[in-house]
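The sequence and the structure come first.

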Amino acid sequence: MTEGYAIELTVNGRQVSAEVRADETLLEFLRTQLRIIDAKSGCGKGDCGTCTVLLDGLPVKSCIVLAASADGKDVKTLSGMQNEPLVKALQESFVTHGAVQCGFCTPGMILTAASYLNEHKNPSRDDIRRALSGNLCRCTGYKKIVDATQAVARRNE
Amino acid sequence: MSGVIGKPMPRHDAWAKARGDVVYADDFSLPGMLYGKVLRSRYPAARILSIDTKKAEALPGVHAVLTAKDVPNNETVTKFGQSRDVGSGFEGMYRVLADKKVRFMGEAVALVAAETERIAQEALELIEVDYEPLPGVFDPEEAARPGAYPVGESESNVIARYRIRRGDADEALRHADVVIEGTYRVPFVDHAYLEPESGVAWLDENGVINIRVSTQVIEHFRGVAAVLGVPHNKVRIIGTFAGGGFGGKEDITVETYLALLVRKTGRPCKMTWTREESILSHSKRHPYVMRYTTGAMADGKIVALKADLISDAGAYVYLSPWVLMYSAVNATGPYEVDNVDITAMTVLTNNTFTSANRGFGAIQPNFAYESQMDELARRLGIDPLEIRRINCIKKGSTMSTGWKIDRYVALPEVAERAREALGEPTSMPAPWKVGIGVAVGMMSYGRLMFLHDTSRSHVRVEMDGSVTVRCGVPDIGGGQSSSLCQIVAEELGVDMSNVNIYVSDTALTPLAGTTTATRQLYMSGNATLKAARELRGRLLSKAAEMLGVSSDRLDLKEGSVIVEGETRRLPLVKVIAACANEGQELFSEAQFNAPFCEVPDLSDIKGQIFPDFTFGAHAVEVAVDTETGMTRVLRIVSCYDVGRAINPLSAEGQLEGGAIYCMGYALMEEVVMDRGITRTPSLSEYLIPTSADAPDVTCIMLEYGDGLGPYGAKGLGEPSCNSIAPAITNAIYDAVGVRIKSLPATPEKVLRAMKGDL
Amino acid sequence: MYKMRYAAPRTLTEALRLLGEEREGVYVVAGSTNVLPDLRAKKIRPSLLLSIEKLGELKGIHADGDVVTVGALTTINELLASRDIELNAGILHQAAQRFADPLVRNRATIGGNLANASPAADSAVPLLALDAVLDICSARGEREVPLSSFFTGPGKTVLERDELIRAVRFPSDSENQKAFIKFGLREAMAISLVSVGVELRIQKDEVAYARVAFGAVAPTPMRGFRTEEFLVGKKLTAEVLDEARQVASREVRPISDVRATESYRRHISGVLLGRAIKMALGGGMS
């Protein structure tokens, strides 16, 4: 009975083989085994969204995903998406709109926004607010985050 | 001048944060690093009979298990960065690790360092602590009575009492046409920054313990050294970009624990608290009971105000006396009242300790006095704005302590502008009822003057015309360091991208004091401005010599020296080279001192104890569901006299963020303590606003330029969250006619106020 | 040191075999949105985490004729994206919109939400109102259990240790009028304080058929049998609605906790029932 469970997956475009504990979270795996630090740990139980990553293209809270269940899947964190035009546009928009304060929620927020804007071309402010509602921010009051996201959506029209 | 002041500028750190490149405290690791964990008390009040650590020590992979007996100086006093000793009464005892009595649930009892986090966790479970549970006391009024359960060993539960008197309040109340009485209560709240407390420490080749930590106060290196019994220069604290602070990272969090574990093991060590640990055991905002009586004449003029404030300090003193001092001085609000009697008391209980939280004792009485003002207006049939026109202080007014305000006061203008911008009420169908509320607020920026606050900053021009700034300012996300870059760019006529700043390192950056008390732009902004201007003067006089003109005709712009009325330009690098050739100093380090005063007589506080105030107002529109009591905030307008917006994007960010931060205070946030036990242990129970809860905040910034900060700026960080809570409860009153006197205004509370028994 | 294993079988047969063999200590995992918080809080200490994520047999939404079948592994966002669900089970669609938050909805599955048996489970309430039936399988065979008799207590169901939920089935009847309302303490990431689902059929101005379900007001998500009984045969006048609210308030069995008191939850149950009925009948309340 070994504790390790072998997984193979793609992380930020790189093939990775690793052993994980049965109860290891995807977040813990990314941060401690792969030293990918742009996914943050804020609550450990799916309440804050700072650990957001894309799992097979869908934004998920990696602190409540088992690392083992990422076997065979594609994982992307913000640092693996720096060349995606939509991500770049959002980053620039967050910067110029002042949507970044302490920055701890920012990687997750941008990933969620990017994945939402990929699917929705013409969102209202309320649509954006609902789309981002799984990612907490304690600094900005959200207005500038919504502004920044909406500005990119408009550019895509 | 190159004119970057007053322009919306992307912050210098924004790109790194947007790319996810910033290495926050927990993101950092070192080879051979151990993981530290804290064993926390399971009881709010108990006597520790014995601790057996043998099993934990025997667990493979465990390198240290420490209890109180292993701490060189386990009993110490809480400082928060001040270098001036202001004596007992303000600086209370706390224990690094619990000894004798446990005073709150979650108090640290033992420390472990192990090869992995999991081993450390397992070791905690192997430590056997024998507790004798004690009754404890959980209500500050009960704790203040003679014979109450003593939270500590010998000291009284009452930590501090203050009094402010002016005129004769009782006599004036007897002659008042209207007297409004009310008791107001505010709860424990958590800062809920998204980054939990974290740090990594290591021993370097000089025997110095280095602690890289998420903190608002790097000056805690002195406190850590005192606990260890080592010289101050053997502890170095490096502050990281903090993932939020809001006052919760003002007291020591992981620093001392890390230092003890590194000292014991000789290995680098990381400690990161879980969210549950954070909620359980870091400081909370003080709950208060506030009994107010306001007397006014029929024309609306307030003639008397009495207030009795009691705050729950929790299990240790920490910053409670300071917070209470803010409350006492702010108790009358920005109103000129001739007859005042304020009594204030803070009391130890066996609840989680309370300390700084954005608003620091100013926002609790703000809820009370702005509720009273609204009620007074309603009772007299006077418009809420008019009652403020009649009573608000202005330049030249005298405060309750006798301090004559000598700077511009944008009251009631901020309230009028906010209300005007809100416009007409929205119409909503039943069961919703819409209401509008207004509240004003004042809060100081800069520390209490008897702390004799100072800050330092260092500016250096490089040979290629780029600029390096070193300043020990902890950056907690408010743009603290970026605004310093902007000031330097302005003064030296270089692009922001040409200014590089190093912050928050007790060994290598000049100490700038704490990122607390809304003081960094004011203090370190002025220190940086002073350093930059000195350097500018030196460069311009050299340039004047080189150009053969008087230096008062010269300016620095876009990397060049320009001559007034001429097209001639002298590249800055040539001036720098000339200075360097002559051996002139290409740097300047400056210190800025705030105005000082002495510690006032606490039984009769008199005079000026704050450098200045920031004044602001919120106007809000709410809709209340009359069948469920649910309140939705539809719109918020925040209007502040910001003095001068150095970076309007950052200033707006404070106003917007502050409004939503305390919208949570008004409506949903409460750390529920049930006889010392936290019933809201995670972010599933402790709810803060999501993007779907937060309306857009409209910001109106007035720039009267009469602040004490650089270019006339005032501080905004804490003042920005003042007055939103009473604005919301006043709006609830406007909507459904009930006055909520206890926060948060949950749906159930509002509905019960409307309907009585359900 | 306490150890835990993980297995992710690729076939249902293999999964059921493991489940049958392990029995004690096995914990079934799908989206893991509940399992990980429970592990963290040490509420569970399984010896085997059995991931059923790879079981194709448990996936997919099928609407054929009178019945809609939703595979247990269907995520909440897949429910939201399904035209079949929107058309045939709008009430489930509405509940999915208010479920946790957009990210959790990418992982949380309908089977997991039901098996977890939280009294506040947001998918259970609409499914109770839809008269859903669960297809349950084990190595011993298959059985079906009406959702209304599935839950036995907080975190407890009639599922045997060797059993899995394979799918949820409910009649597709777009004639009936339905509504779901969730009342939480914030707009997203909120546990329901009370949730209500109703399904009604009005014939000749009278209620001919009624299904009422409540969440978070009893040890399990519950059917409001007494409220249903009260409604059937009645004309929905203002007085009747008022009385129905009272019946609902009395029928629910909430507790007081840190979020609200029992009496408030009773009151809200009645209010939401009234609103859900109006909404179902096109009153346009929200």
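Chain C touches chain B through 15 residues, which are in contact with 15 residues of chain B; two residues are in contact if their C-beta atoms, placed from the backbone, lie within 7 Å. Helix H10 (residues 262-280) of chain C gives the most to this side of chain C, with five residues. Helices (H or I, at least four residues) and strands (E, at least two) are DSSP runs, numbered from the N terminus.

This is a predicted model, in which local features need pLDDT of at least 70 and side-chain atom pairs count only at pLDDT 80 or more, while totals for chains, interfaces and linings use all residues. Residues are numbered from 1 along each chain as its sequence is written, and chains are lettered from A and ligands numbered from 1 in the order in which they are written.

Chain B also meets chain A: 44 residues of chain B are in contact with 40 residues of chain A. Helix H1 (14-18) and helix H16 (648-667) of chain B each supply at least two residues of that side of chain B. The largest share, eight residues, comes from H16(B).

The table gives the residue classes of both sides. Ala, Val, Leu, Ile, Met, Phe, Trp, Tyr, Cys and Pro count as nonpolar, Asp, Glu, Lys and Arg as charged, and the others, Gly among them, as polar.

| Chain C, touching chain B | ten residues | three residues | two residues |

Of its 20 residues, 19 are buried, so H16(B) is largely enclosed by the rest of the structure; a residue is buried if 20 or more other C-beta atoms, placed from the backbone, lie within 10 Å of its own.

H16(B) also packs against helix H17 (residues 724-736) of chain B: the two axes come within 8 Å and cross at roughly 50°. Axes are lines fitted to C-alpha atoms, for helices over the stretch in contact, and angles run from 0 to 180 degrees between N-to-C directions. The residues of this contact divide into nine nonpolar, one polar and no charged. Among them, Ala659(B) and Cys662(B) belong to H16(B), and Ile724(B) and Ala725(B) to H17(B).

In chain A, helix H1 (residues 26-33) has Leu26(A), Leu27(A), Phe29(A), Leu30(A) and Arg31(A) buried. What covers them includes strand E2 (14-20) and strand E3 (52-55) of chain A. Just after H1(A), Arg35(A) takes a positive phi of about 55°.

Notes: A residue is buried if 20 or more other C-beta atoms lie within 10 Å of its own, exposed if 12 or fewer, and partly exposed in between; C-beta atoms are placed from the backbone.
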